[in-house]
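The exercises below are to be worked with the sequence and the model side by side.

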Amino acid sequence: MKNSKGSIIAKKLLSDIGFDEITHLSMKLFVSGLGATLVEEELQNSDGKIVRGKTKTLIKVNSQISYESKKRFTIAHEVGHFLMHEKIEVHNENSNTLNWFVSTETQLKKGLQEWEANDFASELLMPEQIFRNETLGKSFSPDLIKYLSERFKTSITSTVFRCLNLDIHPLLVVFIYNGTVKYWDKTSNWTYWIKDITKLAPPDDSVAMEYINADYEFIYSGNEKAQLISKSTWCKLNKYDKDTDFFEYCIPTKQYKTIVSVIWEK
């Protein structure tokens, strides 16, 4: 069972301040209203940082982050630490602590704090009920992810994980690093058996492998982002199963050699 302390605290916070969402609110103003100070400056090897003093708390975000949506999530993550983890005095965030997959795997080893801060940020920026309302009657597609990310000013990746964690549609999400499947997760309403793929290269007929062969360059755009694949590409087929049509949508990052691959049934 996933820890939901972060989302519970975020829902209470929104209720206490009388906001349904903070999408159109300045993060600097929001942080200030909570009694902390937001500072944007160049940080070395860190996306964000929280520094607690005796009378003041600083929340720092790296000014070199290119995307405003990533800055917002990083700040929201730090606010989660500020409100939930009083023992943290100085703490740095990087791509690992802000990564849902890594946090899931390591939460039993390193504690729940990073998971809780991510859960808090996700609920704060994409409140569950409003997020669900925005998806009603809409089929899952890359266009829906793009719409939701623009609607809530969040990154494409964090939006995918919000869909995953809220069971918005039956989905399988696979995280690939440097040509190897590192982790995968699925919605509770995904009913298919998944192949033994962890620590292996993605299937040869997967879209993820196309991106690896293209050195993580963007090779599909527009409607082509949802590529038709076979169920058997990522799933096991039982003796009497039909090999039906599925879709695969990949989000590559050339800099880090990562791919988030989203798979769903046609």
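Is Asn178 buried, partly exposed or exposed? With a relative accessible area of 47%, Asn178 is partly exposed, where buried means under 20% relative accessible area, exposed over 50% and partly exposed in between, for a 1.4 Å probe and protein chains only. The model is a predicted one, in which local features need pLDDT of at least 70 and side-chain atom pairs count only at pLDDT 80 or more, while totals for chains, interfaces and linings use all residues. Residues are numbered from 1 along each chain as its sequence is written, and side-chain values use heavy atoms, with hydrogens and water left out.

**Exercise 1. Backbone angles in two loops**

Task: locate Asn178 and Asp167, and describe the phi of Asn178 and of Asp167.

Solution. Begin with Asn178, which is found in the loop between β5 and β6 (180-186); helices (H or I, at least four residues) and strands (E, at least two) are DSSP runs, numbered from the N terminus. The phi of Asn178 is near 50 degrees, a positive value in a residue other than glycine. Asp167 is partly exposed, its relative accessible area being 27%. As background, most residues other than glycine have a negative phi.

**Exercise 2. The nonpolar cores**

Task: state which residues of the largest nonpolar core touch the most other members, and which elements supply at least two residues each.

Solution. A nonpolar core is a set of buried Ala, Val, Leu, Ile, Met, Phe, Trp, Tyr and Cys residues joined through side-chain atoms within 4.5 Å. The largest such core has 23 residues, of which Ile59 and Leu124 touch the most other members. At least two residues come from each of α1 (5-17), α2 (27-33), β3 (57-62), α3 (68-84) and α5 (113-125), and α3 gives the most, with six residues. For Ile59, leaving out residues up to four places away in sequence, the contacts (heavy atoms within 4.5 Å) include Val31, Leu38, Val39, Ile50, Val79 and Phe82, and also Lys49 and Glu78. A second, separate core has 22 residues, Phe140, Phe161, Leu164 and Tyr249 among them.

**Exercise 3. The packing of α7 and α8**

Task: describe how α7 and α8 pack, and name the residues that meet.

Solution. Two packed helices are described by the angle between their axes and the distance between the axes. Helix α7 (residues 142-152) and helix α8 (residues 156-165) pack at an angle of about 110 degrees with their axes 9 Å apart; axes are lines fitted to C-alpha atoms, for helices over the stretch in contact, and angles run from 0 to 180 degrees between N-to-C directions. That angle makes α7 roughly perpendicular to α8, since angles under 35 degrees count as roughly parallel, over 145 as roughly antiparallel, 65 to 115 as roughly perpendicular and the rest as oblique. On the α7 side, Ile145, Lys146, Leu148 and Ser149 meet Ile156, Thr159, Val160 and Cys163 of α8. The residues of this contact divide into five nonpolar, two polar and one charged, with Ala, Val, Leu, Ile, Met, Phe, Trp, Tyr, Cys and Pro counted as nonpolar, Asp, Glu, Lys and Arg as charged, and the others, Gly among them, as polar. Lys146 is partly exposed at 44% relative accessibility, and its C-alpha atom is separated by 6.6 Å from that of Ile156, 10 residues apart along the chain.

**Exercise 4. Separations and cysteines**

Solution. Ser122, found in helix α5, counts as buried at 3% relative accessibility, and Phe161 in helix α8 is buried with a relative accessible area of 6%. Cys235 is buried, with a relative accessible area of 1%, and Cys250 is buried, with a relative accessible area of 5%.
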